[in-house]
Structures are given as structure tokens and as C-alpha cells.
Amino acid sequence: MKIVYVDLDGVIADFEKGKENHPKSSITPYRGRPDKLPGIYKDLDPIEGAIESVNKLLKSKYKIYFLSTAPWDNPDAWTHKRLWIAKHFEEKLIRRRLILCHHKQLLMGDYLIDDRKWNGASEFTGEWIHFGSKRFPNWKSVLGYLSVK
Ligand SMILES: [Mg+2]
């Protein structure tokens, strides 16, 4: 079974929108460090088409894991990411499928769907599906590439 890692922020969770709507986003010390905003990861809206698409992946021929980085200096974020996936997906499909780390290049697998090159994404030894790029602008293009209907 081929392994697909799915990033959270900017791929299935709308961090940009959450950041803009957060009441403390323009206050020191959060200005420029939105990853430190209290509770920022807890109630993010899903990105358009993401939940439906990941559900398709979860029921496909691929083995799916969520692979995200939680800020070291915002320990609540580690819990909130775990709760976020439980809120949006069926427990039986996602149980124990969350990996939080700063070194995505260390994970073995076939595909990594990620919107940014940081935290090892661009050095991933499988194939990096650069979400939001010209080639993969949205979930439709990703599912098409992975031949998931
Ligand atoms: Mg991301």
C-alpha cells in the first residue's frame, strides 16, 4: 500500500483565514508570528473541498497519515491539531494517523501533499505534491493526479 502524507495548514485547514479573523493577530508578540496566537489551530475552517477529498483518500488504495508541524512555542497547538482532525473526520478512519514533527524528510512514504517547502517538505524522499502550486492548485488536481475518484 502506498503511503500518502497530508499536511494540515494550507492544505486542509484554512490557517490564513483563521489568522486574519483572530482578535490578537495584530498585537505584539503575535504580529508576524501567527503560529503563536492562542487557540489559533483549534477552530480553523476547512479549505474548500478538503474534507470530502481526504475522505476519498482515506477510503482509497492509499494509506493516509496527517503530517503537520506544530509550533514548539505553542504547546496547545499540539493538542488542538489532534482535536481538529477528530472534529472533521470519522474517528475510525483517522485514529492514530496524526504525525506532528519538524522533520518531514525523515518520514518514509510515497507522497507528501504540502503547501510549503519548510520543515523538511522539499527534502521529502518520496514525491512532494506542492499544494497551491500551478500544477496542483486545488484538491481536484491532487485527486486527479493520484487517480482517486
Ligand atoms: Mg502547510
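Here is a tour with a handful of stops, starting at the metal. One thing to keep in mind as you go: this is a predicted model.

**Stop 1: the magnesium ion.** Asp-7 (OD), Asp-9 (O) and Asp-115 (OD) coordinate the magnesium ion, at 2.1 to 2.2 Å. Along the chain, these donors follow the spacing D-x1-D-x105-D.

**Stop 2: Asp-7.** Now pick Asp-7, in the loop between strand S1 (3-6) and helix H1 (15-21). Is Asp-7 buried or exposed? Its relative accessible area is 5%, so Asp-7 is buried, given that the cut-off for buried is under 20%. Show the side chain of Lys-104 too: the side chain of Asp-7 makes a polar contact with it, at 3.3 Å. Leaving aside neighbours within four places in sequence, the contacts of Asp-7 also include Ile-12, Leu-67, Ser-68 and Asp-115.

**Stop 3: Asp-9 and the largest pocket.** Move on to Asp-9, which counts as buried at 16% relative accessibility. What classes of residue make up the lining of the largest pocket? There are 12 charged, 8 nonpolar and 6 polar residues.

Stop 4: Rolling a probe the size of a water molecule over the atoms shows where empty space is left. To find it, select Leu-8, Asp-9, Ala-13, Tyr-41, Leu-44, Lys-81 and Trp-84, which line it. By class, that lining has 5 nonpolar, 2 charged and no polar residues.

Stop 5: Most residues other than glycine have a negative phi, and most peptide bonds are trans. With that in mind, go to the loop between H1 and helix H2 (50-58), where you'll find Pro-29. The peptide bond from Thr-28 to Pro-29 is cis, with omega near 5°.

Next, select Asn-119, in the loop between strand S4 (111-114) and strand S5 (127-130). Its phi is positive, near 55°, and Asn-119 counts as partly exposed at 29% relative accessibility.

Finish at Ser-147, in the segment after helix H5 (139-145). Ser-147 has a positive phi of about 55°, and it is exposed, with a relative accessible area of 55%.

Methods:
Residues are numbered from 1 along each chain as its sequence is written. This is a predicted model: local features need pLDDT of at least 70, side-chain atom pairs count only at pLDDT 80 or more; totals for chains, interfaces and linings use all residues. Side-chain values use heavy atoms; hydrogens and water are left out. Ala, Val, Leu, Ile, Met, Phe, Trp, Tyr, Cys and Pro count as nonpolar, Asp, Glu, Lys and Arg as charged, and the others, Gly among them, as polar. Helices (H or I, at least four residues) and strands (E, at least two) are DSSP runs, numbered from the N terminus. Buried means under 20% relative accessible area, exposed over 50%, partly exposed in between (1.4 Å probe, protein chains only). A polar contact is a pair of N or O atoms within 3.5 Å; within protein, one must be able to donate a hydrogen and the other to accept it, and residues adjacent in sequence count only if both atoms are side-chain atoms. Contact means heavy atoms within 4.5 Å. Donors are N, O and S atoms within 2.8 Å of the metal (3.2 Å for Na, K and Ca); water is not among the atoms, so sites may look incomplete. On a 1 Å grid over the protein atoms alone, a cavity is a set of points where a 1.4 Å probe fits but cannot get out, and a pocket is an open set with protein on both sides within 12 Å along at least five of seven lines; lining residues have an atom within 4 Å of a point.
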